[in-house]
Amino acid sequence: MLKYVTKRLAVGAVTLFLLATITFFLMHVIPGSPFAGETTKLPVKVLEKLYEKYGLDKPVTEQYVIYMKNLMHGDFGVSIYRKGKSIAKIISNGLPYTARLGAVSVCIALTVGIFLGTVAAFTKKKWLSNLVVVMATVGVSMPGFLLSVLLLLLFGVVLQWLPFVGLSSPLHYILPATGMAFAPISMIARLVRSSLREVMKQDYMVLAKSKGTSEKLVIWRHGLKNAMLPVITYSGPMIATLLTGSFVIESLYSIPGIGAEFVTSITNRDYTMIMALTVLYGSFIIIANIITDIVNAMIDPRIKLGK
């Protein structure tokens, strides 16, 4: 197990290094600058001072070395757009909002998705199974931001049942969390349905039933455990994505999270903020994948930990 975890951590570190490197150089290849919107207002000498202040006057390779050294010490630098405000401070202010919304979305996605998938797999009512399949297909096909707009207009504007600006009360979480969780619900429901149907055909399930064990107990003890492997594999990246927020949905519902910060940083060419959030998102996804692999290996002994 230790060897497997060490190997996965090493691969994750290399992946994160490549992600940071590629993103850094892409930022400098794209035409324009973070001060492009101010060139008509600021004198040339002032612009030169700004480039010097943020180290943008140095060669790209030198900027890269400096940035990576700072990154190794956990120093993300300061925001260019926010006039020198610490990026660590900006992230620490926005991350709690994003994490709370993401946690609610994860709970909704897993609970509803597993429930719907189980119902679709075992119900004897064909119309109910088909309804779940149709809902799952629509959920996978429909973009989350489109559903969020529809929910906002219907329940927030037309019916005025739910608030939709910020996250100041539990009711504020319903609309954005539902919009973020709908696609994962659909995917989890499809995975659980197909996986359960396949698992129930296995010899060990038939043997467990033949021993006189009730069907519900067989499903709970053996069926769900083995059927959850595809769900766990999918849940790793899903949890990382939801916990780090949805850029569009956070902007749509005026949530002061880091998802909205990412949109703002790209719009304003805030190089240091883009780099910091890219590394943060990459770290979440890599860690989630590593945890997912380890959990899968612990649940299913057929998975070779040494590979």
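Predicted model: local features only at pLDDT ≥ 70, side-chain atom pairs only at ≥ 80, totals over all residues.
How many residues does the largest nonpolar core have, and which of them have the most contacts inside it? Numbering runs from 1 along each chain as its sequence is written, and side-chain values use heavy atoms, leaving out hydrogens and water.

**View A. The largest nonpolar core.** There are 35 residues here, with Leu101 and Tyr253 having the most contacts inside the core. A nonpolar core is a set of buried (under 20% relative accessible area, 1.4 Å probe, protein chains only) Ala, Val, Leu, Ile, Met, Phe, Trp, Tyr and Cys residues joined through side-chain atoms within 4.5 Å. H4, H6 (144-158), H7 and H9 (215-243) each give two or more residues to this core; H7 brings the largest share, 10 residues. Helices are DSSP runs of H or I, at least four residues, numbered from the N terminus.

**View B. Around Leu101.** Leaving aside residues up to four places away in sequence, Leu101 touches Leu167, Tyr173, Pro176, Ala177, Met180 and Ile255, a contact being heavy atoms within 4.5 Å. Apart from this core lies another, of 18 residues, including Met27 and Tyr281.

**View C. Helix H5 and its two sides.** Ser129, Val132, Ala136 and Gly139 are the buried residues of H5. Down the helix axis they fall within an arc of 90° (using directions from the axis to the C-beta atoms), so they line one face of H5. They pack against H4 (87-122) and H7 (174-199). The face turned away carries Lys126, Trp127 and Ser141, which are exposed (over 50% relative accessible area).
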